[in-house]
Amino acid sequence: MLEVKKVVNAKYRAITGYRYISWFLTSMIYLMDSSAITLKYCIAVVVSLLVITISINSLYLKSESRVAVARVNIAESLVIAILMISTGGLDSPFIWYAINPIFITCAFFKTVYCFVNLVFYLIVASVTSLLLFNPQGLALPDLITEKCYIILVFVLIVAAIRILFTMIQHLDDQAKAFHKQKEELLGMNLKLEQANASAKNSMEHIMSLYRIIEVFAARENARDILKHLVKLANDILQTKYAFIWVAPFGEDPDSMVTGSVFEPNEDCLKEHITSWFTTNEADALNPARQVIGFQGVHYLLVSLKSVSRFYGYFGIKLVDKNEPDLYQELIKFLADIITMVLERNHFEKISSQLMILEEQNRIGNELHDNVSQLLFSIVYGIHALNSNWPKMNRENIEQQLNVLEQTAKNVSTELRTSIYGLSTRKRGERVFEESIQKYLCDFSSLNDIKVLFDFQGDEELLSYPLKQAMFRIIREGCGNAIWHGWCSELKLHIQVRIDMCELMIQDNGHGFDVEKFLKDKTSKGLGLHNMQILAQTFNGTFDLRSEITIGTTLIIRFPLNIGSLHFFKEERGVVA
């Protein structure tokens with residue numbers, strides 16, 4: 001079926017225009033050359049032709065298929081043939097009006113139909129001229145020879161029309177091909193956009209997971225770790241409410257950890273899950289996924305279970321009970337990540353405890369093998385001296401006391417050696433400063449830049465976790481200065497005071513618009529985010545300044561806690 005209106009609007013405008021122009025011109029010629037016929041007859045013919053023209057044109061416009069067009073075309077051809085019979089055959093001015101149906105055949109049908117239509121008109125017109133309008137009694141060949149110029153012009157016009165429509169058809173085919181290619185390109189572009197969006201989401205998920213690992217390494221408080229994990233899970237899943245239910249373990253009771261979004265019935269939900277877990281513990285442990293209902297709301301629970309321990313459930317609030325299918329793989333992946341982090345945290349605690357026990361055993365062995373033996377000798381010597389005191393002369397007593405004195409000195413030496421062996425502070429070493437110095441020397445050599453390092457203050461005022469965090473910030477900041485700033489010189493300054501520690505990283509790189517960069521969340525780098533997280537972890541302030549072509553300066557100030565003051569006092573003998 002041919003949708004004529006959609007396909008031939010442009011053609012129809014040309015055909016309609018020619019139809020009314022040809023009607024007007026042929027009618028004028030017919031009226032001016034109607035000496036042998038009454039004027040009323042001529043006007044009747046012209047008006048009738050106008051009505052037919054309007055009707056035929058309307059039928060063409062309403063035709064919805066090629067068959068309908070063909071029927072209208074045949075009807076119009078017959079009407080025009082009758083018109084030519086009554087108005088002069090080859091001499092009829094309406095022979096040029098006959099080009100209208102030929103236009104239609106050229107536009108919508110094959111070439112052969114076009115010339116069939118042409119031959120039909122020529123035969124009708126020639127026979128009409130031969131039989132009705134032949135006052136000279138010419139034979140058909142003579143008649144054709146006499147009217148050959150009309151026939152030739154008519155044929156040439158039709159051929160030209162056919163060539164014109166062939167070219168138009170070719171352009172139409174090309175336009176359709178271009179339109180099809182455009183649709184294919186739009187489809188491919190849409191797929192690329194979807195793939196790009198998917199890749200972007202995947203990258204954001206990877207970035208979020210990277211943050212999880214970073215936060216996990218920075219925080220020692222398990223609850224803080226879980227809070228961060230839940231918050232990131234909310235961002236990744238775009239869910240309204242996610243939580244982690246922690247199963248009871250040892251003396252630790254069960255608990256519920258949520259992100260920044262809270263539910264009014266959160267405590268009741270925790271009790272419901274605890275009761276459900278206690279009642280159906282065997283069944284609750286086996287399935288990896290559970291959907292439970294509570295107060296008309298459905299929650300999806302995914303087990304946080306390793307080969308050695310069941311940690312609890314990672315849960316999300318469902319809008320639709322069938323929603324889990326949409327995020328099945330993603331939720332499972334997040335649950336695996338949470339389990340891995342909890343497992344690692346669990347084993348790090350065990351590892352730390354084992355290290356402490358091992359060190360306690362080593363110290364105990366050293367005290368037993370050296371100090372304890374010497375103390376036993378002193379005790380035994382004092383006991384012997386006390387028992388034999390009346391029998392001993394002054395010289396023997398002095399010898400015995402000298403032995404005890406020397407033994408006590410040996411004990412003191414052994415204890416001092418053990419203490420100095422354990423404490424870098426007692427040995428006067430600055431391990432943190434030397435570690436940074438060594439890292440910056442290697443960094444300078446590898447990247448061929450100048451690095452200036454200045455450390456002021458007592459590094460023993462810094463806790464071990466804070467030292468770890470500062471070292472990671474230094475690595476991240478130095479890396480950013482090279483990778484993004486393309487600097488040639490880097491300054492690093494650390495100043496430790498009693499109540500505060502200031503870390504400054506300054507480069508002479510390209511610099512950037514800080515305000516614009518911080519507003520653009522899509523371009524916010526992981527390194528900057530991690531440094532902010534690390535600073536916030538220790539309640540530090542984060543001050544980033546940068547100027548284009550001048551460079552970037554990062555200043556982080558950490559408040560020092562009471563524990564550091566305790567250390568400070570101890571060193572000065574206030575605390576023994």
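**Overall composition and packing**

Guide: In this predicted model, 39% of the 576 residues of the protein chain count as buried. The secondary structure of the chain comprises 19 helices and 10 strands.

Visitor: Among contacts between residues at least 6 apart in sequence, what percentage join residues at least 24 apart?

Guide: The contacts considered here are those in the protein chain between residues at least 6 apart in sequence. Of these, the share that joins residues at least 24 apart is 65%.

Visitor: In the open sheet of 5 strands, which strands stand at the edges?

Guide: The strand order of this open sheet is β6-β7-β8-β10-β9, with mixed pairing. A strand with a single partner has one side left without a neighbour in the sheet, so the edges are held by β6 (450-456) and β9 (541-547).

Visitor: In which sense do β6 and β7 pair, parallel or antiparallel?

Guide: K450 stands opposite E489 in β7. Over 7 bridges, β6 and β7 (residues 489-496) pair in a sense that is parallel.

Visitor: How many residues lie between β7 and β8 in their hairpin?

Guide: β7 and β8 run antiparallel and are joined by 7 bridges. V496 stands opposite C501 in β8. In the hairpin that β7 and β8 form, the number of residues between them is 3.

Visitor: How many of the residues of β8 are buried?

Guide: On one side, β8 is joined to β7 by 7 bridges; β8 is also joined to β10 by 8 bridges, in the antiparallel sense. Within the latter pair, Q506 stands opposite T553 in β10. β8 is largely enclosed by the rest of the structure, because its buried residues number 7 of 8.

Visitor: Which helix packs on the sheet and touches β7, β8 and β10?

Guide: Helix α15 (residues 431-447) lies across β6 and β7, running at about 175° to β6. The helix that touches β7, β8 (500-507) and β10 (551-559) has a direction that makes about 15° with that of β8, and this helix is α16 (residues 464-483).

Visitor: Which element gives the largest share of the largest nonpolar core?

Guide: This core has 39 residues, and those with the most contacts inside it include Y60, F94, I102 and F108. Elements that give two or more residues to the core include α2 (9-32), α3 (39-62), α5 (99-108) and α8 (148-218). The largest share, 7 residues, comes from α5.

Visitor: Is D254 buried or exposed?

Guide: D254 is placed in the loop between β1 (242-246) and β2 (255-258). Leaving aside neighbours within four places in sequence, D254 is in contact with W245, V246, A247, P248, K270 and T274. A residue counts as buried under 20% relative accessible area; D254, at 18%, is therefore buried.

Note on methods:
Residues numbered from 1 in each chain as written. Predicted model: local features only at pLDDT ≥ 70, side-chain atom pairs only at ≥ 80, totals over all residues. Heavy atoms only, no water. Pairing = 2+ DSSP bridges. Helix = DSSP H or I, 4+ residues; strand = E, 2+ residues; numbered from the N terminus. Contact = heavy atoms within 4.5 Å. Axes fitted to C-alpha atoms, helices over the stretch in contact; angles between N-to-C directions. Core = buried A, V, L, I, M, F, W, Y, C linked by side-chain atoms within 4.5 Å. Buried < 20%, exposed > 50% of the residue type's maximum accessible area, 1.4 Å probe, protein only.
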